[in-house]
Amino acid sequence: MVETFGVDLSGLVLDMTNFATWIDSANERAPIAQRGHSKQKRSDLRICGLGLVVSTDGGVPLVSLAYPGNRPDVTQFATMVNELVARFGTLLPDGKGERLTLVYDAGQNSGDNYETLDHTRFTLSARCPPRIIPSSSPQQRTATKSSTSRPSRPHGLRDDQGRLRQTARLVCCHSDGLHDKQSRGFDQTLAKVRRQLTEIQSRLARATPANPRRESRPR
């Protein structure tokens with residue numbers, strides 16, 4: 001398919017998710033359907049996991065993996081990557097594979113997965129959790145603050161660190177638009193909690209106080 005249609009393999013995107021099914025709980029002929037963390041919020045249904053690798057050239061599916069729904073995505077990532085390496089090792093000559101860029105989400109960040117990726121020839125791009133981002137110097141913070149003066153176009157600060165067992169480039173970005181949306185969401189949640197607390201205070205104020213003599217009276 002790659003050779004016939006000339007699919008560009010220089011960029012690949014990997015993602016993993018799960019889907020709810022209506023398979024009966026007593027049905028033992030579908031072991032892949034299991035109870036797990038449903039991304040559709042259907043905890044009452046059995047789910048199946050699916051990992052997919054598509055090309056950035058047209059979104060063509062190239063590698064897929066179906067797995068039981070009770071297995072977290074992060075535990076299936078290495079299987080996907082190993083299949084990807086084996087499959088494209090037969091298509092790409094030595095050295096060409098280094099031009100491939102694999103993009104995946106933050107849910108696959110783990111020590112075991114980093115070790116798997118260390119043995120591949122892929123260039124990697126992924127969102128990192130805040131805990132591995134290095135603390136910036138005052139000069140860097142000033143540069144980052146001034147670079148976000150245009151909210152329509154997020155800017156960032158680059159820093160080379162060896163946090164992922166090899167030298168990686170961290171890009172710290174700030175989006176004013178996303179910040180505003182998160183701030184509004186926080187304000188809405190805070191207002192809801194305050195209303196609930198006000199209702200509790202009103203019920204407590206209307207409650208009839210207990211008679212201390214009645215409580216202390218022997219039965």
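This is a predicted model: local features need pLDDT of at least 70, side-chain atom pairs count only at pLDDT 80 or more; totals for chains, interfaces and linings use all residues.
**Contacts along the chain**

I started with contacts (heavy atoms within 4.5 Å). Among the contacts in the protein chain with a separation of 6 or more, 54% come from residues 24 or more positions apart. Residues are numbered from 1 along each chain as its sequence is written, and side-chain values use heavy atoms, with hydrogens and water left out.

**Inventory**

I looked up the secondary structure next, with helices (H or I, at least four residues) and strands (E, at least two) taken as DSSP runs numbered from the N terminus. The protein chain has six helices and seven strands. Along the sequence I read the pattern α-β-β-β-α-β-α-β-α-β-β-α-α.

Then the surface, with accessible areas from the Shrake-Rupley method and a 1.4 Å probe; for residues, only the protein chains shown count as cover. The protein chain exposes about 15,500 Å², and carbon and sulfur atoms supply 51% of that area. Of the 219 residues in the protein chain, 26% are buried.

**The sheet**

What is the strand order in the open sheet of five strands? I get E3-E2-E1-E4-E5, with mixed pairing; two strands pair if DSSP finds at least two bridges between them. Strand E3 (61–68) and strand E5 (123–126) are at the edges with a single partner strand each, so one side of each has no neighbour in the sheet. From one strand to the next, the twist averages 20°.

I zoomed in on E2 (residues 47–55) and E3, which run antiparallel and are joined by seven bridges. Reminder on pairing: strands of a sheet pair through backbone hydrogen bonds, parallel or antiparallel. Cys-48 sits opposite Pro-68 in E3, and Gly-51 has Leu-65 in E3 as its bridge partner. The hairpin of E2 and E3 has five residues between the strands, and there Gly-58 takes a positive phi near 90°.

Helix H2 (residues 73–89) lies across strand E1 (11–20), E2, E3 and strand E4 (101–104). I noted its angle to E3 as about 145°; axes are lines fitted to C-alpha atoms, for helices over the stretch in contact, and angles run from 0 to 180 degrees between N-to-C directions.

**Asp-8**

I went looking for Asp-8 and found it in the loop between helix H1 (2–5) and E1. Asp-8 is partly exposed, with a relative accessible area of 39%. Leaving aside neighbours within four places in sequence, Asp-8 is in contact with Ser-55 and Asp-57. I also checked Leu-100, which is 92 residues from Asp-8 along the chain: their C-alpha atoms are separated by 9.8 Å.

**Salt bridges**

How many salt bridges are there? I count three, taking a side-chain nitrogen of Lys or Arg within 4 Å of a carboxyl oxygen of Asp or Glu.

Lys-39 and Asp-73 pair at 2.6 Å, N to O. Is Asp-73 buried or exposed? At 14% relative accessibility, Asp-73 counts as buried, while Lys-39 at 40% counts as partly exposed.

For Asp-44 and Arg-42, the closest N and O atoms of the salt bridge are 2.9 Å apart. Asp-44 is partly exposed at 43% relative accessibility, and so is Arg-42 at 31%.

Glu-83 and Arg-87 also meet in a salt bridge, at 2.9 Å N to O. They are four residues apart in helix H2, so about one helical turn separates them. Both ends are partly exposed: Glu-83 at 33% relative accessibility and Arg-87 at 37%.

**A nonpolar patch**

Last entry: Val-193, Leu-197, Ile-200 and Leu-204 form a nonpolar surface patch, with about 360 Å² of accessible area together. My patch rule takes residues with over 30% relative accessible area and no salt bridge, joining like charges within 9 Å and nonpolar side chains (Val, Leu, Ile, Met, Phe, Trp, Tyr) within 5 Å. Val-193 is in helix H5 (residues 176–206) and counts as partly exposed at 37% relative accessibility.

Key: Buried means under 20% relative accessible area, exposed over 50%, partly exposed in between (1.4 Å probe, protein chains only).
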